[in-house]
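Subject: Handover of a structure and notes on its contents

Dear colleague,

Please find the structure below, together with my notes on what was found in it. I would be grateful if you would read them with the structure open.

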Amino acid sequence: MTPLRHTWQVTLRYLRALFRQPAWIGITLVQPMIWLLLFGALFKSIARIPGFHGGSYIEFLTPGLIVMLAISSAGWSGMAYIEDMNLGVMDRFLVSPIWRGALNAGSVTQQIIIIALQSLIVAGLSLTVGGRFPNGVGGVAILIGVATLLGASFASLSNALALVVRQRESLIGAVTSVTLPLTFLSTAFMQQTLVPHWIRVIARFNPVNWAVQAGRSAATQHTDWNLVATRTACLLALLLTSAWLATRSFRAYQRSI
Amino acid sequence: MTQAIIAHELVKTYPGEVRALDGLSLSADSGMIFALAGPNGAGKSTTFKILTTLSRPDTGSARVAGIDVLRQPERVRQAIGVVGQKTGATPEATGSENLVMQGEIYGLSGRALRQRVNQLLDRFDLREAADRPTKTFSGGMRRRLDVALGLVHRPQVLFLDEPTTGLDPDARASLWLEIERLAGDGAMTILLTTHYLDEADRLADHLAIVDRGRIVTQGPPETLKRELRGDAIQLELEAAPSDGRVTAALLALPGLSEILADGRIVRARAEHGASAIPGLLGALEREGFAVSSVTLARPSLDDVYLRHTGHLYTKHDERE
Ligand SMILES: Nc1ncnc2c1ncn2[C@@H]1O[C@H](COP(=O)(O)OP(=O)(O)OP(=O)(O)O)[C@@H](O)[C@H]1O
Ligand SMILES: [Mg+2]
């Protein structure tokens with residue numbers, strides 16, 4: 001009971017801060033459009049490559065884009081922690097009886113809400129520019145579900161890292177050098193059979209690719225439910241591990257102050 | 001009388017051979033205001049961090065509200081209220097939102113919490129600012145909110161790390177009144193740090209001066225000042241005396257030291273200035289000197305502070 005109450009309080013605190021920044025709301029709404037239109041135009045001809053069998057490129061791109069947006073938003077989650085450390089808010093929480101897990105869970109919940117909103121926007125936009133979701137609402141729900149699972153793990157890892165490095169610059173460096181490469185070492189924008197062999201090998205161990213594969217398979221035709229289930233399970237395990245790590249990292253932070 | 005705070009031989013080092021605490025011990029009785037003063041980097045905030053369960057000492061032990069800080073930090077956290085050196089409020093949230101969240105963290109909710117929040121808003125004169133984001137607050141309002149946050153759950157022991165730094169004289173005076181009221185009924189023990197010795201003088205039942213991670217002197221402010229031996233007495237004569245006569249007359253009196261005559265001004269130190277003055281005036285009159293004014297200056301905490309922190313540096317330097 002108490003852990004839930006604390007988590008909700010932390011979530012509320014983040015959401016308030018977010019929704020009181022009109023600029024942020026604008027950016028969150030506009031960003032998906034830019035990506036969708038940009039990538040849609042840029043990679044349009046991929047659908048004409050012999051061996052591509054994903055229907056239209058927009059249809060193929062949408063799940064990849066949803067996953068990419070999920071991690072690129074969640075990866076920055078730790079920045080709020082660093083802000084809180086600098087303000088003294090983190091210390092106020094840590095000398096209170098607040099459940100440590102709530103500090104991560106609340107931050108993750110906020111990310112999940114952002115990701116869900118962004119994903120819905122992308123899915124909606126995709127429909128208006130000719131994308132289709134043959135498996136209907138259920139398929140889209142699974143797609144958004146795996147994207148949030150992955151985003152929640154990234155947010156937890158980002159929080160954990162923030163507690164360890166405690167410095168904006170270090171976190172920025174780590175996030176940028178992880179999210180973009182992981183996105184392009186996946187099948188987010190290119191069909192598996194068309195990427196070089198070595199990328200295919202790496203992609204097998206890349207959580208971003210797990211989410212892309214599961215989400216795409218669930219949202220498009222010829223769904224491989226076995227693939228969806230195994231990748232989702234892997235993502236769930238990753239989330240539990242990262243949440244545990246994020247909660248543990250408060251000890252590292254407290255040792256350093 | 002029970003001890004609300006006991007710290008025993010706390011040692012804390014930070015990477016790079018920084019010895020923030022070097023065997024600091026202190027003990028504060030229940031219901032008292034205990035002040036820590038000392039130069040920047042002396043270890044005041046480090047002491048606070050350990051006593052409030054934020055960080056752990058390398059060695060040493062501590063109890064707060066009767067609970068072992070190292071063994072049962074969760075129980076200590078329920079019993080204490082903490083106002084850090086930095087403000088701890090969420091800038092985007094309003095005053096009330098900050099207070100409500102703080103209350104929820106400590107297990108308050110519903111009507112009881114709303115009442116408590118209203119009470120604190122009134123008490124700290126934050127009513128008008130209750131629905132404004134705290135980032136728009138003035139420094140004084142923010143600090144009052146910080147203290148209110150520390151009090152939501154009616155803690156037994158309150159920690160205030162430099163509560164009045166950066167406040168204007170009015171804001172300081174009103175916060176002093178609040179702090180005095182909090183400690184007034186003896187139900188709460190307050191440990192505070194300050195760089196203002198007038199603040200310590202006014203508020204503290206007990207003052208400890210910290211330097212280089214240790215307490216170099218402590219006691220009730222009155223006692224500390226008395227231990228300095230000597231109020232400063234300054235006399236002005238109506239006419240300048242001839243050399244040596246005043247000094248000779250005063251040397252005969254018991255209890256005076258550091259006698260110095262300079263033109264019409266005569267200076268001396270006496271352990272109890274007020275009781276030395278009649279004798280002093282009498283002696284001067286007998287010798288035929290007319291006195292036009294007398295001033296008596298009690299030693300201030302600044303003297304105490306300078307003496308202890310100043311001396312210590314030379315001692316350290318010799319040792320090293
Ligand atoms: N997290 C930290 N990492 C490394 N060194 C630290 C850390 N916190 C404090 N120190 C060092 O420990 C010493 C004591 O610092 P502390 O903050 O306790 O001083 P203070 O008495 O509160 O000073 P001030 O009056 O400036 O607030 C200083 O030398 C400081 O640089
Ligand atoms: Mg300090």
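In what order do the six strands of the open sheet in chain B lie? The order is β6-β7-β8-β3-β9-β10, and the pairing is mixed. Strands are DSSP runs of E with at least two residues, helices are runs of H or I with at least four residues, and both are numbered from the N terminus. Two strands count as paired if DSSP finds at least two bridges between them.

Before going further, please note that this is a predicted model, in which local features need pLDDT of at least 70 and side-chain atom pairs count only at pLDDT 80 or more, while totals for chains, interfaces and linings use all residues. Residues are numbered from 1 along each chain as its sequence is written, chains are lettered from A and ligands numbered from 1 in the order in which they are written, and side-chain values use heavy atoms, with hydrogens and water left out.

Five bridges hold β7 (residues 157-161) and β8 (residues 189-194) of chain B in parallel pairing, and V157(B) is opposite T189(B) in β8(B). Helix α5 (residues 139-151) of chain B packs on the sheet, where it touches β6 and β7 of chain B. The direction of α5(B) makes about 165° with that of β6(B).

S45(B), through OG, and Q85(B), through OE1, coordinate the magnesium ion (ligand 2) at 1.9 to 2.1 Å. Donors are N, O and S atoms within 2.8 Å of the metal (3.2 Å for Na, K and Ca), and water is not among the atoms, so sites may look incomplete. S45(B) belongs to helix α1 (residues 44-51) of chain B and Q85(B) to the loop between β6 (80-83) and α3 (95-105) of chain B, so the pair ties together parts that are 40 residues apart in sequence. S45(B) is buried, at a relative accessible area of 18%, whereas Q85(B) is partly exposed, at 44%. Buried means under 20% relative accessible area, exposed over 50%, and partly exposed in between (1.4 Å probe, protein chains only). Because seven of the eight residues of α1(B) are buried, this helix is largely enclosed by the rest of the structure.

Antiparallel β12(B) and β13 (residues 265-270) of chain B are joined by five bridges.

Domains

The domain assignment, which is automatic or from a database, divides chain B into domain 1 (3-221) and domain 2 (229-298).

Yours sincerely

Conventions. Contact means heavy atoms within 4.5 Å. Axes are lines fitted to C-alpha atoms, for helices over the stretch in contact, and angles run from 0 to 180 degrees between N-to-C directions.
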